[in-house]
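Student: Hi! I have a protein model open and would like to talk it through. Could you help me find my way around?

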Amino acid sequence: MDSQTITAAAAGTFELGDLPVHRIGFGAMRLTGSAAFHHGTPSDRERSIAVLRRAVELGVNHIDTAAFYFSSLRSANELINSALAPYPDDLVIVTKVGPYRAYDGEWATSARPEDLRGHVEENLRQLGRDHLDVVNLRRMPRYDSVAEHFGALAELREAGLIRHLGISNVTARHLAEAQAIAPVICVQNRYALDRPDPDSDELVRVCGEQGIAFVPFYAVAGEAGEQGATTDHDEDVRAVARAHGASPAQIRIAWALHQGPHVLAIPGTGNPDHLTQNVAAGAIRLTDEELKRLDSRRHEAG
């Protein structure tokens, strides 16, 4: 597989509300350093800007970010603004609110509903926008209900600061709770080939039935999570990768996309070569036998 010639269009398209995007997008978390947040070392700014511009050249028109994506020297939103503004008309920038990091990088108390306007305005300021295309409410474990927080975001949507709303780190029950308040156009949950999760499996199904985008994060990282892409690939993943002349990471992305036409991948990287490979994963077509082989190992792990 020649990754250099493949664009994001190979993955097909889906609509975030009324905003069409290619099913391979880009997650901005890893732009800021060798690992997420305050882990690792800060990235080279010019390299990160080059990765963003190359992503757009490759047809990526869905970027996932957040104001709390920053390292000691880098801010994902600032990098996006510097690299891509004035923004292409078809570029959809999705951000999230709820978690909060203080200026020293440490995690602080997550937002109360009355705090969310400030979170939204900070994203607007950093990105240089007058409205946000999509805002995900990231549910924090201390809040079992999403009603108050989602209701606050729904008010900001009515005020014109937000075009569409989504939710993250939720179950099907939270989705129904949010939908009773305002339309939900996407759900973003942790989801990976090697991480069995019945709640998210159910969400994938429910979202597919309702035409809601399901956006997995850490699909490549697996159990490594914030530290970056895992290198712990079992033999089934490696065997399927060899059959396609692909990397195990590409197979992980392809597996996620094969979970339904409404599933959108947002692999992130600060490495231009990895970016090209991630985008090319959208062209991989797994056979029914290969999917059965990968799924069987996933169910065994559960």
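Tutor: Happy to! One term before we start: helices (H or I, at least four residues) and strands (E, at least two) are DSSP runs, numbered from the N terminus. Also keep in mind that this is a predicted model.

Student: Good to know. Where is threonine 109, then?

Tutor: Threonine 109 sits in the loop between strand E7 (107-108) and helix H3 (116-127).

Student: Is threonine 109 buried or exposed?

Tutor: Threonine 109 is exposed, with a relative accessible area of 58%, and the cut-off for exposed is over 50%.

Student: Which residues does threonine 109 contact, leaving aside neighbours within four places in sequence?

Tutor: Those contacts are Tyr100 and Arg142. As for proline 99, its C-alpha is 7.5 Å from that of threonine 109, and the two are ten residues apart in sequence.

Student: Let's zoom out. How many helices and strands are there in the protein?

Tutor: The protein has ten helices and eleven strands.

Student: And what is the radius of gyration of the protein?

Tutor: The radius of gyration is 18 Å. A compact globule with 302 residues would be near 19 Å, so the protein agrees with that expectation. The C-alpha trace spans about 50 × 45 × 35 Å along its principal axes.

Student: How much of the protein is buried?

Tutor: Buried residues make up 56% of the 302 residues.

Student: What about contacts between residues 24 or more positions apart?

Tutor: Such pairs account for 74% of the contacts with a separation of 6 or more.

Student: And the charges, how far apart are the mean positions of the positive and negative ones?

Tutor: There are 30 positive and 41 negative charges, and their mean positions are 2 Å apart.

Student: Now a helix. Why is H8 described as largely enclosed by the rest of the structure?

Tutor: Helix H8 covers residues 248-257, and nine of its ten residues are buried, so H8 is largely enclosed by the rest of the structure.

Student: Which residues of H8 are the buried ones?

Tutor: They are Pro248, Gln250, Ile251, Arg252, Ile253, Ala254, Trp255, Ala256 and Leu257.

Student: Let me pick a strand residue. Where does valine 97 lie?

Tutor: Valine 97 lies in strand E5 (residues 92-97). With a relative accessible area of 1%, valine 97 is buried.

Student: What does valine 97 touch, not counting residues up to four places away in sequence?

Tutor: Its partners include Leu116, His119, Val120 and Asn123, and also Val135, Leu137 and Leu153. Alanine 219, 122 residues from valine 97 in sequence, is 21 Å away in space, C-alpha to C-alpha.

Student: Back to the backbone. Which peptide bond is cis?

Tutor: The bond from alanine 85 to proline 86 is cis, with omega near -5°. Proline 86 is in the loop between helix H2 (76-84) and E5.

Student: And what is phi for phenylalanine 37 and for tyrosine 218?

Tutor: Phenylalanine 37 has phi near 55°, a positive value in a residue other than glycine. Tyrosine 218 is not a glycine either, and its phi is positive at about 60°.

Student: Where are they placed?

Tutor: Phenylalanine 37 is in the loop between strand E3 (26-27) and helix H1 (45-57), and it counts as buried at 5% relative accessibility. Tyrosine 218 is in the loop between strand E11 (213-217) and helix H7 (235-244), and tyrosine 218 is buried at 16%.

Student: One more: what is aspartate 201 in contact with, leaving aside neighbours within four places?

Tutor: Aspartate 201 contacts Tyr191 and Arg298. Aspartate 201 is found in helix H6 (residues 198-210) and counts as partly exposed, at 27% relative accessibility.

How values were computed. Residues are numbered from 1 along each chain as its sequence is written. This is a predicted model: local features need pLDDT of at least 70, side-chain atom pairs count only at pLDDT 80 or more; totals for chains, interfaces and linings use all residues. Side-chain values use heavy atoms; hydrogens and water are left out. Buried means under 20% relative accessible area, exposed over 50%, partly exposed in between (1.4 Å probe, protein chains only). The radius of gyration is taken over C-alpha atoms; the globule rule is 2.2 Å times the number of residues to the power 0.38. Contact means heavy atoms within 4.5 Å. Lys and Arg count as positive and Asp and Glu as negative; His and the chain ends are not counted. The place of a charge is taken as NZ of Lys, CZ of Arg, CG of Asp or CD of Glu.
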